[in-house]
Amino acid sequence: MNKDLLRKLFFPFSILNKLIRKDEKRIFFYSNLGFRDNVRAVYDYMIDNGYNDRYQIICAINEWEEYRKQQDDDASRHKGVTFVSPKKGIIKFLKAKYAFYSFGKYPIKPSKNQIVVNLWHGMPLKRIGNMEKGKEKIDYNYFTYLISTSDYFTNIMMESFSCSKEQILINGEPRNDIMFVEDIEIDSILREGADKFILWLPTYRDSTEGGSEAANNDSPLHLIEGDKGNEIDSFLRANNMILFIKHHPLQREMYNSSFTNIRILSHKEFQDAGGSLYDYLRCADALITDYSSVYFDYMLLDRPIAFVLDDIDKYGSNRGFVIENPLDMMPGANIHTEDELLDFIVAISEGRDEHRELRHEINNLVNKYQDGNSTKHLLDRIMRNEGKA
């Protein structure tokens, strides 16, 4: 359905939301692109800390039937939780005192007696929301509070979502907490006995020239095609290293790999394998990405990062960046060619880290909280002090 039409159809619900009394003991979660990321991190924290003993928790997600089956298998963990479809969740949202979302939303304005938190899914390097070309006038402000991880991002988030400074909560990303929790069993499974584990997370190529097909053809994974890919795979094998590549959820999978030490997983394969992306980040000795905000998260671990930038000019002219010179915010090796990709992998094998000092500087700029307790900080502020902190 057209988003403009959807907003018009939902307009009466904003009026109704002001009239319906809120249940102080109802917490609502919404996600239309998988029950994951920040919204799942907050949910898991609540379950682990017994919020479902004190509150009614409702999750409106596309996979609600699957989670109901899981609930039947593990009733003790999910007690006090109701999984519903996004459509059925509308009325339940209207009665909720607290609501959280990361992906998608109901275009319903919060009541003054309601706290709706837009957790989003990462601080931006590329343009988002009202900063994107052609989206300057869209109303994205359907929340009480919006997370920003530092003062550096506050004005950027305000402009992206056309919100006031009073709506900004300086807080770490809840999803990052898992990177600080040691899990020897999961890490051992992911590493498969490798001495070094490198994680490559390409971002989505949302090209405005040529449509989605052009966007997919721009994927940086072309750097491992042909003989050079075989050379990289051989080096990894000889040095007991793994290069693990995960497709973006929206990217069409294009590569069937016959490599031994380069592992390429589609988003579905990744989901079926279980575990969190942030388990993989915790496990990784180094990260390769491009314009994904995930590297702001990974800097909390103080490990090497490389950026694949062979299409930075094209990407900048199409999608655009929130700062004039994005390279100033990329504390790591710049990769444009297959040889430079191999050079970075060699550096990791030898334990070289040439960008540590700049990485520390950028990390302190973009991550105010670095203690692995972001979810606790968030809920303490919102649910105990109504956000006044």
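The exercises below, each with a worked solution, concern a predicted model.

**Exercise 1. Nonpolar cores**

Find how many residues the largest nonpolar core has, and which have the most contacts inside it.

Solution.
- Step 1: The largest nonpolar core has 96 residues.
- Step 2: Those with the most contacts inside this core are Ile 27, Phe 29, Met 46, Phe 100 and Tyr 295.
- Step 3: Take Tyr 295 from that list. Residues up to four places away in sequence are not counted; Tyr 295 then touches Leu 125, Leu 287, Thr 289, Ile 305, Phe 307, Met 329, Met 330 and Pro 331.
- Step 4: There is also a second, separate core of 24 residues, and Met 241, Leu 243, Ile 288 and Ile 345 are included in it.
- Step 5: As background, nonpolar side chains in soluble globular proteins tend to be buried together.

**Exercise 2. Val 84**

Decide whether Val 84 is buried or exposed, and list what Val 84 is in contact with.

Solution.
- Step 1: Locate Val 84 in strand S3, residues 81–84.
- Step 2: The relative accessible area of Val 84 is 4%. Buried means under 20%, so Val 84 is buried.
- Step 3: Leaving aside neighbours within four places in sequence, Val 84 is in contact with Ile 58, Cys 59, Ala 60, Ile 61, Trp 64, Arg 68, Gly 89 and Lys 92.
- Step 4: Pick Ile 61 from these contacts. Val 84 and Ile 61 are 23 residues apart in sequence, and their C-alpha atoms are 6.6 Å apart in space.

**Exercise 3. Two aromatic pairs**

The structure holds 27 aromatic pairs. Classify the pair of Tyr 55 and Tyr 98, then the pair of Phe 197 and Phe 244.

Solution.
- Step 1: The ring centres of Tyr 55 and Tyr 98 are 6.4 Å apart and the planes are at 80°. Planes over 60 degrees apart count as edge-to-face, so this pair is edge-to-face.
- Step 2: Tyr 55 lies in the loop between helix H3 and strand S2, and Tyr 98 in strand S4, so the pair ties together parts 43 residues apart in sequence.
- Step 3: Tyr 55 counts as buried at 15% relative accessibility, and Tyr 98 counts as buried at 4%.
- Step 4: For Phe 197 and Phe 244 the values are 6.0 Å centre to centre and 25° between the planes, and the pair is stacked.
- Step 5: Phe 197 lies in strand S8 and Phe 244 in strand S9, so this pair ties together parts 47 residues apart in sequence.
- Step 6: Phe 197 counts as buried at 1% relative accessibility, and Phe 244 at 7%.

Definitions and conventions: Residues numbered from 1 in each chain as written. Predicted model: local features only at pLDDT ≥ 70, side-chain atom pairs only at ≥ 80, totals over all residues. Heavy atoms only, no water. Core = buried A, V, L, I, M, F, W, Y, C linked by side-chain atoms within 4.5 Å. Buried < 20%, exposed > 50% of the residue type's maximum accessible area, 1.4 Å probe, protein only. Contact = heavy atoms within 4.5 Å. Helix = DSSP H or I, 4+ residues; strand = E, 2+ residues; numbered from the N terminus. Phe/Tyr/Trp six-rings, centres within 6.5 Å; stacked < 30°, edge-to-face > 60°.
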